[in-house]
Amino acid sequence: MNQPTHENLDEAFVARQRERLLKLRAQLIAGGDAAGAEEDTLQMAAGDEPQDAVDDGNRLEQQANNEALLAHDLERIAAIDRALEKMRQHTYGLSDGNGEPIGRAHLEAVPEAIFTVDELNTKARQR
């Protein structure tokens, strides 16, 4: 069988994480599809009817929120795809940044994690 990714991750844990990632990926894609359908519905409902500034403002605000959520979901899907790739490469649980092991608790909380908590904190402070 394959070697565990690092000493704190056994094959059963990695297999469970793979299932979690695949489910999460499917949920994010389905959510994006639903948001697109909702936007289409809003556009068709507006049609050629006269709109006031409040209606336009509400629609634009909703559209901006949907776009922000979509961008966030696309980033998560990319991270999930990277985590799945790391599983195939037997490097899941090792940081893309410094190669150090990512804590098991962090992987349980964020299965698509590709950086250690320390690296994420450093990046956050630099912003």
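## A tour of the salt bridges and the core

Start by selecting Arg82, Glu85, Lys86 and Asp96, which are joined in a network of salt bridges. A salt bridge here is a side-chain nitrogen of Lys or Arg within 4 Å of a carboxyl oxygen of Asp or Glu. Side chains of opposite charge can pair when their charged atoms come close. Before you go on, note that this is a predicted model, in which local features need pLDDT of at least 70, side-chain atom pairs count only at pLDDT 80 or more, and totals for chains, interfaces and linings use all residues. Residues are numbered from 1 along each chain as its sequence is written, and side-chain values use heavy atoms, with hydrogens and water left out.

**Stop 1: Asp96 and Lys86.** Aspartate 96 sits in the loop between helix 2 and helix 3 and lysine 86 in helix 2, so their bridge ties together parts 10 residues apart in sequence. Helices are DSSP runs of H or I with at least four residues, numbered from the N terminus. Lysine 86 is buried, at 3% relative accessible area, while aspartate 96 is partly exposed at 32%. (Buried means under 20% relative accessible area, exposed over 50%, and partly exposed in between, with a 1.4 Å probe and protein chains only.)

**Stop 2: Arg76 and Glu112.** Next, select arginine 76 and glutamate 112, a salt bridge whose closest N and O atoms are 2.8 Å apart. This pair links distant parts of the chain, 36 residues apart: arginine 76 is in helix 2 (residues 53–88), and glutamate 112 is in the loop between helix 3 (104–109) and helix 4 (117–126). Glutamate 112 is buried at 7% relative accessibility; arginine 76 is partly exposed at 26%.

**Stop 3: Arg104 and Glu108.** Now move to helix 3, where arginine 104 and glutamate 108 lie four residues apart, about one turn of the helix. Their closest N and O atoms are 3.4 Å apart in a salt bridge.

**Stop 4: the core.** Which residues touch the most other members of the largest nonpolar core? Among its 15 residues, they are Leu9, Leu21, Ile80, Met87, Tyr92 and Leu107. Such a core is a set of buried Ala, Val, Leu, Ile, Met, Phe, Trp, Tyr and Cys residues joined through side-chain atoms within 4.5 Å. Helix 1 (11–46) and helix 2 each supply at least two residues of this core.

Finish on leucine 107: leaving aside neighbours within four places in sequence, its contacts (heavy atoms within 4.5 Å) include Leu9, Phe13 and Tyr92.
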